[in-house]
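Q: I have a structure open and would like to go through its side-chain contacts. Can we start with the rings and then move to the charges?

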Amino acid sequence: MASPPTQNPLGDPWKRTLYLMTAAQLITAIGFSSIFPFLPLYVKQLGSSRGFGVEFLSGLVFSVQAVTMMLASPVWGSLADRYGRKLMVQRSMYGGAVLLLLMAFVRSAEELIVLRAVQGLVTGTIAATNALVASVVPRQRTGFAMGMLQVGFGSGVALGPVIGGVVADAYGYAAAFYVTAGLLLVAGLLVTFGVREAHVPRQVLPLESPPWLAGWKEILRAEGVAATYGLRFLTQLGRMMLVPIAPLFIEILLADSGSVNTFTGLVIGSASTTATASAVFLGRLGDRAGHRKVFIGSVLAAAMLYFPQSLVQSAVHLLFLQAAVGVAIGGVLPSLSALLARYTVAGEEGAVYGLDNSISAGARAVAPLIGAAVATAFGLRLTFVASALILLIAAAGALWRLPRAVAADPAI
């Protein structure tokens, strides 16, 4: 009698890839987010070699990375479709490890900003990971897969700032960069030796325009894709414009200003934790009921939860409302990623998610500036109202522009 076939403990090959990439996403998210809490303080410690103000340089150290990533991501995405998505994941992780290590040795804030600009050009782990996973996961399971990746990312963002702050306080800023570089190296090795990719290069037709430009035009012509990119920009804009406002608002709410940094980290961590907890459930729900419906419901819920935040008088109330927003965001982010997979054809994942990452980076670059402008003109509280209105516009745009069904998935 023939022996029964050996069962793979990780199930189907695509599940193995998904679980390994979720672990890699977790590690890299911890690494990158661990430096966020003290970057402005590191800028202050380094000082300027050209006499620029600390506030200006602190803003630039965040925005310059988003701008260069916005420019580079679509190009890397198109190269992924031609040369392999695993290769692009390795590029982003190993490149990030080298650059973060170099940041420990800079001598001025200007040198740090230059390295942050290069980081934006070289890294982009989220887009590379999304493209790799989307290329191997069955289309009807993309909601679950993107939810799993959101779990990895959200858990890392919740843990990273705490780890980075502890290491920086105990051993100095340089040590935190060493730890971050080490984490990215570990994630890269996990992908290198754990993930297998049977890549088939996408056929590129000879055209007068560059192949990558022709690929973008083809993607944007697909029904629903341009609308989904627009919704990605609006949702990122609505969320990220609160980044420079939250610490200032929390400082007003708290009687003891000495705990502002701790409480701000707690607010960010709570939202990331609840988004992580809801992402897999809402991703699975999208696979069954349709990602369009889940996105609309989630973004409407997030908008409604931002409105009362403009009225809170207690920091604890703000904490609970932000945690509730995180639950809704857990449905917004993976739904858009899943919709992109459903609206496009196999073989385009690198270009699709490269453009997606570019649009997200563009929103991250301008959102803090818009948030600061609204707060200056109308006050800190009205910034929450502005975020809610932007998310309401996103919900209306989804109702108006997202197709109700596509051939690949009638449930959308």
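Q: How many aromatic pairs are there in the whole structure?
A: A search of the whole structure gives four aromatic pairs. Keep in mind that this is a predicted model.

Q: Take Phe105 and Tyr178. How are their rings placed, and what is the pair called?
A: The ring centres of Phe105 and Tyr178 are 6.0 Å apart and the planes are at 45 degrees, so the pair is tilted.

Q: Is Phe105 buried or exposed?
A: Phe105 has a relative accessible area of 53%, so this residue is exposed; the cut-off for exposed is over 50%.

Q: And what does Tyr178 count as?
A: Tyr178 counts as partly exposed, because its relative accessibility is 40%.

Q: What about Phe249 and Phe384, how do those rings sit?
A: Phe249 and Phe384 form a tilted aromatic pair, with 5.1 Å from centre to centre and 55 degrees between the planes. This pair links distant parts of the chain: Phe249 belongs to helix H11 (residues 246-253) and Phe384 to helix H16 (residues 380-401), 135 residues apart.

Q: Are Phe249 and Phe384 buried or exposed?
A: Both Phe249 and Phe384 are buried.

Q: Which residues do ring pairs link into a cluster?
A: The cluster consists of Tyr42, Tyr173 and Phe177, linked by ring pairs.

Q: Now charges over rings. What sits over the ring of Trp76?
A: The charged end of Arg91 does, at 4.1 Å from the centre of the Trp76 ring. In another case, the charged end of Arg401 sits over the ring of Trp400, 5.2 Å from the ring centre.

Q: OK, salt bridges. How many?
A: The count is three salt bridges.

Q: Start with Arg107. What does its side chain meet?
A: The side chain of Arg107 meets that of Glu111 in a salt bridge, 2.8 Å from N to O. Arg107 is exposed, with a relative accessible area of 67%, whereas Glu111 counts as partly exposed at 26% relative accessibility.

Q: And which residue does Arg232 meet in a salt bridge?
A: Arg232 meets Asp356, with an N to O distance of 2.9 Å. Arg232 lies in helix H10 (residues 225-240) and Asp356 in helix H15 (residues 349-378), so the bridge ties together parts that are 124 residues apart in sequence.

Q: Why does Arg232 count as buried?
A: Because its relative accessibility is 5%, and buried means under 20%. Asp356 also counts as buried, at 5% relative accessibility.

Q: What does Arg342 form a salt bridge with?
A: Arg342 forms a salt bridge with Asp287, and their closest N and O atoms are 3.2 Å apart. Arg342 is in helix H14 (residues 315-343) and Asp287 in helix H12 (residues 260-289), so the pair ties together parts 55 residues apart in sequence. Arg342 counts as buried at 6% relative accessibility, and Asp287 counts as buried at 15%.

Q: What else does the side chain of Arg342 join in a polar contact?
A: The side chain of Thr142, at 3.0 Å. Thr142 is in helix H7 (residues 142-171) and counts as buried, with 1% relative accessibility.

Q: Which residues does Thr142 touch?
A: Leaving out residues up to four places away in sequence, Thr142 touches Val137, Asp287, His291, Ala338, Ala341 and Arg342.

Q: Where is Arg292, and how far away is the nearest side chain of opposite charge?
A: Arg292 lies in helix H13 (residues 291-306). Arg292 is buried yet has no salt bridge, and the nearest side chain of opposite charge, Glu223, is 9.6 Å away.

Q: So what does the side chain of Arg292 reach?
A: The side chain of Arg292 reaches the backbone oxygen of Leu399, at 3.2 Å.

Q: Last one. Where is Gln45, and is it buried or exposed?
A: Gln45 is in helix H2 (residues 39-46) and counts as exposed at 55% relative accessibility. Gln45 and Ser108 are 63 residues apart in sequence, and their C-alpha atoms are 8.7 Å apart in space.

Key
Residues numbered from 1 in each chain as written. Predicted model: local features only at pLDDT ≥ 70, side-chain atom pairs only at ≥ 80, totals over all residues. Heavy atoms only, no water. Helix = DSSP H or I, 4+ residues; strand = E, 2+ residues; numbered from the N terminus. Buried < 20%, exposed > 50% of the residue type's maximum accessible area, 1.4 Å probe, protein only. Phe/Tyr/Trp six-rings, centres within 6.5 Å; stacked < 30°, edge-to-face > 60°. Lys NZ or Arg CZ within 6 Å of the ring centre and 35° of its normal. Salt bridge = Lys/Arg side-chain N within 4 Å of Asp/Glu carboxyl O. Lys, Arg positive; Asp, Glu negative; His and termini not counted. Polar contact = N/O pair within 3.5 Å; in protein donor to acceptor, adjacent residues only side chain to side chain. Contact = heavy atoms within 4.5 Å.
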